[in-house]
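The model is a predicted one, so everything here is computed from its atoms.

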Amino acid sequence: MDKIILIGGGGHCKSVIDVIEQEGKYQIVGILDVSEKIGQMVLGYEIIGEDKDLEKYKGTEVYFIITIGQIHSANQRTKLFQILKQLNLKIATVVSPLAYVSPHAKINEGTVIMHKAIVNASAAVGANCIVNTKALIEHDAVIGNNCHISTGAIINGGVIIGDNSFVGSAAVTKEYIIIKENSFIKANSIVKS
């Protein structure tokens with residue numbers, strides 16, 4: 001089983017731990033967070049260091065996944081993802097066995113597909129994204145990089161969502177619309193254009 005280190009030890013981390021445990025593909029060897037939290041435990045996994053420790057893993061076979069949530073801004077997740085790329089570290093893609101991802105869909109590295117999410121045929125999800133619990137990405141939808149599609153959100157067929165966007169819980173999009181980069185869509189919104 002490949003080893004994985006999680007970056008960020010907050011609430012979203014707990015949800016990702018559960019997905020990783022269910023998937024059974026990676027062995028969690030620790031979490032990186034702020035220095036004050038080193039030694040603390042998150043669901044039985046130790047915080048073993050901080051973000052600036054990433055460089056010492058250069059050239060190792062350890063995988064990484066960003067487990068910091070994203071609501072108001074994608075900046076922190078984007079910055080960490082760029083560091084992982086610059087250091088040429090291995091980046092995991094995590095898909096819950098309780099989700100459905102069509103074999104005709106594309107999921108890019110660093111993305112987490114949570115429990116009961118659906119990614120349908122010919123959909124594409126960018127790098128470093130969160131497709132949260134019970135979210136639906138319909139056919140031919142394209143989700144940019146560093147996006148968070150929140151719990152129960154519905155992205156209908158052919159929608160294009162620009163990079164660094166947030167779609168709140170239970171939001172619904174009309175089909176075949178374009179949502180520009182850095183968009184923030186509130187929970188329960190209906191997006192028609």
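Q: What makes strand E12 and strand E15 a pair?
A: Two strands count as paired if DSSP finds at least two bridges between them. E12 (residues 124-125) and E15 (residues 142-143) have 2 bridges, in the parallel sense, so they qualify under that rule.

Q: Why is His148 called buried?
A: The cut-off is under 20% relative accessible area, and His148 has 6%, so buried it is. This residue belongs to strand E16 (residues 148-149). Beyond its neighbours within four places in sequence, His148 touches Gln70, Ile130, Asn132, Ser165, Phe166 and Val167.

Q: How do you know that His148 and Asn132 make a polar contact?
A: The N or O atoms have to be within 3.5 Å. The side chains of His148 and Asn132 come to 3.0 Å, and the pair is listed as a polar contact.

Q: What makes the buried residues of helix H2 line one face?
A: Arg77, Thr78, Leu80, Phe81 and Leu84 are the buried ones. Seen down the axis of H2, they fall within an arc of 165°, so they line one face. The background is simple: an α-helix has 3.6 residues a turn, so residues three or four places apart point the same way. On the other side of H2, Asn75, Lys79 and Gln86 are exposed.

Q: What covers that buried face of H2?
A: The cover includes strands E1 (2-7), E5 (63-66), E6 (90-91) and E13 (130-131). H2 lies across E1, E5 and E6, at about 165° to E5.

Q: How does the span of H2 compare with the expected one?
A: H2 (residues 75-86) has 12 residues and reaches 16 Å from first C-alpha to last, close to the 16 Å expected at 1.5 Å a residue. After H2 comes Asn88, with a positive phi near 60°.

Q: Why do E3 and E6 count as edges of their sheet?
A: That open sheet has 6 strands in the order E3-E4-E2-E1-E5-E6, with mixed pairing. Strand E3 (41-42) and E6 each have a single partner strand, so one side of each is left without a neighbour in the sheet.

Key
Residues numbered from 1 in each chain as written. Predicted model: local features only at pLDDT ≥ 70, side-chain atom pairs only at ≥ 80, totals over all residues. Heavy atoms only, no water. Helix = DSSP H or I, 4+ residues; strand = E, 2+ residues; numbered from the N terminus. Buried < 20%, exposed > 50% of the residue type's maximum accessible area, 1.4 Å probe, protein only. Polar contact = N/O pair within 3.5 Å; in protein donor to acceptor, adjacent residues only side chain to side chain. Contact = heavy atoms within 4.5 Å. Expected span 1.5 Å × (residues − 1). Arc of directions from axis to C-beta. Axes fitted to C-alpha atoms, helices over the stretch in contact; angles between N-to-C directions.
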